[in-house]
Amino acid sequence: MASRGTTETSKLKQNLEEQLDRLMQQLQDLEECREELDADEYEETKKETLEQLSEFNDSLKKIMSGDMTLVDELSGMQLAIQAAISQAFKTPEVIRMFAKKQPRQLRTRLAEMDRDLMVGKLPRDLYTQQKLEILTALRKLGEKLTGDDEMFLSTNAGTALSQFERVSSDLGSGDKVFALASVEVEKAKQ
């Protein structure tokens, strides 16, 4: 006989991942269509999406307070939400891969960016921002970085990424993650 709650836990996790994917896709679509929207429309849509992320964060908090078996699986999603809300990561695609713990896909994206930079398809400033996000995500996922990557991070890391890196490395339990994320959500609302 299967253990109780396994199927439900699996389904809940799947639903939460789909919700996170939808919100991250919404952010990514918004960034891709930014030129087509006027500034007010862009800001309003982004604000609404961040509010939805905040509500999603609150739902995760409630789930984790009642079901400790999900804490480890949900803490990665929580960090990704925190990164999105705090604006540490600006690339929804990177946030999504980080939340799903996909280091191989992050490394593939980094290689594609290197290629795009060399052929002039990607501006240097956008390359630097996205490479910082990917390297920070890889480090948070416990991946080994090269000496060059470490040097790139230390040379180019901004305040938001450094704060995310420092705070998230101090987090040991899901409760601390949620406490921090709640603070970040409140800051984002103000």
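Guide: Here is a short chat about a helix and its salt bridges.

Guide: This is a predicted model, where local features need pLDDT of at least 70, side-chain atom pairs count only at pLDDT 80 or more, and totals for chains, interfaces and linings use all residues. Residues are numbered from 1 along each chain as its sequence is written, and side-chain values use heavy atoms, with hydrogens and water left out.

Visitor: Which residues of α5 are buried?

Guide: Leu106, Arg109, Leu110, Met113, Asp116 and Leu117. Buried is under 20% relative accessible area, exposed over 50%, partly exposed in between (1.4 Å probe, protein chains only).

Visitor: And which are exposed on the other side of α5?

Guide: Arg104 and Met118.

Visitor: New topic: how many salt bridges does the structure hold?

Guide: There are 5, each a side-chain nitrogen of Lys or Arg within 4 Å of a carboxyl oxygen of Asp or Glu. One of them pairs glutamate 143 with arginine 107, closest N and O atoms 3.8 Å apart. That pair links distant parts of the chain, 36 residues apart: the loop between α6 (124-140) and α7 (147-156), and helix α5.

Visitor: What does arginine 115 meet in a salt bridge?

Guide: Aspartate 116, at 3.0 Å, N to O. Arginine 115 is partly exposed at 47%, while aspartate 116 is buried at 10%.

Technical notes: Helix = DSSP H or I, 4+ residues; strand = E, 2+ residues; numbered from the N terminus.
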